[in-house]
Amino acid sequence: MIPPEDLMRLAIERCREGLARGQSPFGCAIAVGDRVIANEHNTVVLTTDITAHAEVNAIRAANRAIQNIFLEGAVVATTCEPCPMCMAALHWARVDTVYYGATIADAALGGFNELQFPAAELLRQGGSKLKLIPGLLPEECKKLFLEWQSNPNHRVY
Ligand SMILES: Nc1nc2[nH]cnc2c(=O)[nH]1
């Protein structure tokens with residue numbers, strides 16, 4: 001299995017590629033065992049698609065890569081805690097474990113109009129087995145918001 005920290009470093013790298021393209025500060029990598037099957041950044045602004053969060057983009061790429069709607073056994077590293085939309089998508093995709101760095105509160109502080117309710121808890125109450133593990137390289141991931149803010153054309157939503 002690829003170490004979660006290595007997977008997160010890939011997501012951070014991809015996020016920075018997105019920042020260089022004027023995109024929002026979110027990256028997400030997905031692995032099955034040793035194989036990285038997706039690594040995407042947020043493309044909301046680029047594609048004029050409000051649902052094009054890093055996690056949704058990565059799930060779609062992973063589904064295509066393995067030609068399977070289910071990502072059972074997959075491990076996800078995402079630079080920020082998934083929003084409720086992405087959390088539900090990760091559940092639908094049957095992802096096993098999600099590691100994240102920055103939190104939804106960090107994204108809200110960064111200027112994003114985040115929904116701040118306990119989605120992880122509600123998901124569990126609803127029967128989801130998705131495992132969410134916070135605190136993987138949080139400082140590196142939080143820094144991405146500052147880098148994004150340093151672009152005078154950064155776009156909030
Ligand atoms: N985790 C996450 N949170 C977001 N909030 C706004 N966009 C995103 C995104 O792509 N990923």
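This is a predicted model: local features need pLDDT of at least 70, side-chain atom pairs count only at pLDDT 80 or more; totals for chains, interfaces and linings use all residues.
Residues are numbered from 1 along each chain as its sequence is written. Local features need pLDDT of at least 70 and side-chain atom pairs count only at pLDDT 80 or more, whereas totals for chains, interfaces and linings use all residues, and side-chain values use heavy atoms, with hydrogens and water left out.

Polar contacts were assigned to pairs of N or O atoms within 3.5 Å. A polar side-chain atom of E55 lies 2.6 Å from a nitrogen atom of the ligand, while a polar backbone atom of A54 is 2.9 Å from a ligand oxygen atom, and a backbone N or O atom of C80 lies 3.3 Å from a nitrogen atom of the ligand. Of the 280 Å² that the ligand exposes when taken alone, the protein buries 99%, accessible areas being computed by the Shrake-Rupley method with a 1.4 Å probe.

The chain contains seven helices and five strands, defined as DSSP runs of H or I with at least four residues and of E with at least two, respectively. From the N terminus on, these elements follow the order α-β-β-α-α-β-α-β-α-α-β-α. The C-alpha atoms fill a box of roughly 40 × 30 × 30 Å, taken along the principal axes.

Key: A polar contact is a pair of N or O atoms within 3.5 Å; within protein, one must be able to donate a hydrogen and the other to accept it, and residues adjacent in sequence count only if both atoms are side-chain atoms.
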